[in-house]
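I opened the file today to see how two chains are put together. My notes follow in the order in which I looked things up.

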Amino acid sequence: MSDMLQINSPTWGAPDTDSADRIQAALGADAIERRVEFRGELTLDLPIDRYIEVCTFLRDEEQYDLLSDVTVVDYLGYTGEVAGYWGGDGRDINRDSHSGKRMVPDPAGPKRFGVSATFAKVMTVTDGNHRRLRVRVWVDEGESVPSLVPVYPSADFHEREGFDMMGIDFAGHPNLRRIIMPEDWGGHPQRKDYPVGGEPVQFSDEV
Amino acid sequence: MAATEKKTVVWPQQDILQPVPSELWPSSDNPDLLEINLGPNHPSTHGVLRVVTTLDGEVVVGVKCEVGYVHTGIEKNIEQKTYWKAIPYVPRMDYLSFFSGETAFCMATEKALELEVPRRAEWIRVIFQELARIHSHLVFLGTGSVDLGGIALLFYCFRARDEVLDLFEMACGARMHPRYCQVGGVAEDLPKGFEQRCREVIAFMRDQIDQYYELIGANPIWLARTVGVGVMSPDFAIKMGMTGPNLRASGVPYDLRSANGGYGGYRELGYTPVTKETGDVDARFRVRIDEMSASLDLIEKALDGLPEGPVITDDRKVALPPRHELHTSMESLIHHFKLVTEGFEVPAGEVYAPIESARGEFGFHLISDGSAKPWRVRLHGPAFVLLQSFAKLCEGVYLADLIAILASIDPVLGDVDR
């Protein structure tokens with residue numbers, strides 16, 4: 001700390017394990033499947049049928065009033081032997097690292113897509129300690145995630161983007177349309193099996 | 001004109017789930033309704049935003065925002081790049097507070113790497129983040145006043161904006177999108193004469209800000225257009241995910257520069273959030289003007305106490321070695337070559353590092369698989385979120401007020417569409 005400044009965990013606060021304990025105390029131990037802590041950020045993996053229940057609990061009892069973000073991640077090929085997806089010069093996750101180790105990561109979760117929501121405490125905080133917490137559910141292709149819009153209205157655009165870019169069906173969303181891509185677009189561009197540079201050229205002369 | 005007495009605000013009841021949060025759907029059986037289309041290139045839409053508006057006479061009854069016109073697939077592109085080659089993409093999203101984007105991405109990467117950044121670099125980052133914030137607020141103020149029919153402020157603001165951009169040019173060679181922030185620090189030290197020039201600009205800006213207040217502060221036309229228009233209660237703002245100056249204009253002192261003790265250089269410099277009480281268009285303009293003053297104070301404080309030392313980490317696996325070493329040191333040459341061709345590996349995991357940009361919480365959700373390229377990068381852009389509350393704010397206002405409200409919430413469409 002002399003002339004270096006530690007970037008510990010910008011604006012996350014301490015990992016909120018207390019909230020996780022209270023969730024399990026109030027809703028049962030099976031409300032949380034797994035706790036992941038990385039760089040001071042606590043992620044709770046939830047069973048999909050308890051997702052809305054836990055988020056409602058977080059909003060009503062734990063004062064997590066701000067939904068900061070909803071992220072959908074496609075883990076297709078995260079651990080597999082895929083050296084360059086789209087030909088020779090794509091991602092090569094099996095390439096040796098500087099230290100000579102194989103850098104194949106552990107599986108991130110049981111299914112292909114991880115849908116995570118990050119919450120923050122804002123309004124009720126008086127001591128400047130705005131803690132954050134992330135919850136996550138796992139889905140496969142064709143399964144649907146309950147929509148967070150009835151609990152946190154600001155999930156609206158995030159979930160529409162998740163549908164648009166990743167093809168996640170958010171059940172119960174009032175207006176699940178494409179938001180960024182054109183309405184007649186085919187496929188979901190941010191999936192890992194959607195090629196880069198392979199999309200048809202729009203508005204070209206060829207009919 | 002500063003607010004003298006504290007007013008009691010009667011917040012409107014904003015029932016946000018009717019009919020959907022981000023859009024207003026009028027009943028379709030009324031033959032008098034007129035559907036008009038603002039944008040995507042209407043001059044007052046602040047970028048390529050299309051607002052499908054339904055009017056009953058001159059009153060707005062239905063609003064739909066259509067976004068996506070400047071979608072460039074930046075998130076997908078970053079997945080194909082090594083970390084340090086992804087940095088130039090980032091400021092193209094929020095092109096008004098460009099330096100915040102660079103810093104947020106570098107901070108997320110540093111957090112995943114558990115990398116320490118030299119103190120001087122953190123302070124330099126603060127200076128440029130605040131300059132970018134001033135730049136963004138100046139553009140907001142100028143274009144916002146044009147939307148409200150006053151063109152004079154635009155020329156004042158763009159003159160001052162040029163001075164701010166000159167500072168960027170002086171330090172990084174580029175006026176916008178400087179790519180000055182690096183993982184582990186900043187690319188180069190401040191040039192000679194920067195501090196003096198910066199202080200001149202601060203003095204100039206202080207004078208300018210007084211003039212902005214003179215132009216709009218007591219102008220009866222301005223006040224008639226802004227006071228009491230588009231009132232957003234704190235409860236509503238939080239429910240709709242609003243952060244940044246829009247939230248602080250409703251009286252919530254939430255600012256990531258001070259929350260949890262701040263981040264980076266703000267931890268030592270300290271910051272007190274600027275808030276306003278009324279939550280209307282006027283408050284959203286004033287909170288930004290006051291934030292410019294606060295930013296000037298921060299820059300001055302950072303210049304006064306700017307620590308000596310290196311500006312980038314000495315971890316050669318992450319940061320390029322100094323240029324002169326390449327001629328004499330074999331290791332430096334190898335490090336340089338490896339970094340340029342392969343980049344650096346980031347441990348597998350998931351981090352979300354939010355910082356306070358000019359519009360609010362600007363964070364990168366970075367998922368790494370342990371390789372040299374990010375597995376997935378998700379940008380949480382404040383403009384994307386704040387656009388959700390736009391429809392509800394416009395319910396039952398006049399069409400001219402819709403333009404004022406859109407100007408006051410300050411969306412940047414590059415940030416919305418990415």
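**Confidence.** I began with chain B of this predicted model. Its mean pLDDT is 85, and 94% of its residues reach 70 or more. I noted that pLDDT is the predictor's confidence in each residue, from 0 to 100. Where pLDDT is low, the predicted coordinates should not be read in detail. The model scores ipTM 0.84 and pTM 0.87.

**Ground rules.** I number residues from 1 along each chain as its sequence is written, and chains are lettered from A and ligands numbered from 1 in the order in which they are written. As this is a predicted model, local features need pLDDT of at least 70 and side-chain atom pairs count only at pLDDT 80 or more, while totals for chains, interfaces and linings use all residues.

**Chain A, overview.** I found three helices and eight strands in chain A. Helices (H or I, at least four residues) and strands (E, at least two) are DSSP runs, numbered from the N terminus. From the N terminus on, the order reads β-α-β-β-α-β-β-β-β-α-β. Chain A has 207 residues, and 40% of them are buried. A residue is buried if 20 or more other C-beta atoms lie within 10 Å of its own, exposed if 12 or fewer, and partly exposed in between; C-beta atoms are placed from the backbone.

I also looked at contacts in chain A with a separation of 6 or more. Residues 24 or more positions apart account for 61% of them. Two residues are in contact if their C-beta atoms, placed from the backbone, lie within 7 Å.

**The sheet of chain A.** Five strands of chain A form an open sheet, ordered β2-β3-β6-β5-β4, with mixed pairing. Two strands pair if DSSP finds at least two bridges between them. The edges are β2 (34–38) and β4 of chain A, each pairing on one side only. From one strand to the next, the twist averages 25°. Axes are lines fitted to C-alpha atoms, for helices over the stretch in contact, and angles run from 0 to 180 degrees between N-to-C directions. α3(A) lies across β4 and β5 of chain A, at about 5° to β4(A).

**Strand β5(A).** Which strands does β5(A) pair with? One is β4 (residues 66–74) of chain A, antiparallel over eight bridges. There, A:Phe113 is the bridge partner of A:Asp74. The other is β6 (residues 132–139) of chain A, also antiparallel, with eight bridges. In β6(A), A:Val135 stands opposite A:Ala117, and A:Arg132 stands opposite A:Ala120.

Is β5(A) enclosed or open? Eight of the eight residues of β5(A) (residues 113–120) are buried, so the strand is largely enclosed by the rest of the structure. In a regular strand the side chains alternate between the two faces of the sheet. I checked the directions: A:Phe113, A:Val115, A:Ala117 and A:Phe119 point one way, and A:Gly114, A:Ser116, A:Thr118 and A:Ala120 point the other way.

**Chain A meets chain B.** The contact takes 47 residues from chain A and 64 residues from chain B. On the chain A side, β1 (4–5), β3 (41–45), β4 and α3 (155–166) each supply at least two residues. β4(A) gives the most, with six residues. That side divides into 23 nonpolar, 16 polar and eight charged residues. Ala, Val, Leu, Ile, Met, Phe, Trp, Tyr, Cys and Pro count as nonpolar, Asp, Glu, Lys and Arg as charged, and the others, Gly among them, as polar.

**B:Val67.** I found B:Val67 in the loop between β3 (59–66) and α1 (74–79) of chain B. B:Val67 is buried, with 23 other C-beta atoms within 10 Å. Leaving aside neighbours within four places in sequence, its contacts include A:Ile179 and A:Ile180 as well as B:Leu49 and B:Leu387. B:Val67 and B:Phe384 are 317 residues apart in sequence, yet 9.2 Å apart in space, C-alpha to C-alpha.

**The sheet of chain B.** Three strands of chain B form an open sheet in the order β7-β8-β9, with antiparallel pairing. Its edge strands are β7 (349–356) and β9 (374–380) of chain B. The twist averages 15° from one strand to the next. Eight bridges join β7(B) to β8 (residues 361–368) of chain B. Among the partners, B:Ile355 bridges to B:Phe362 in β8(B).
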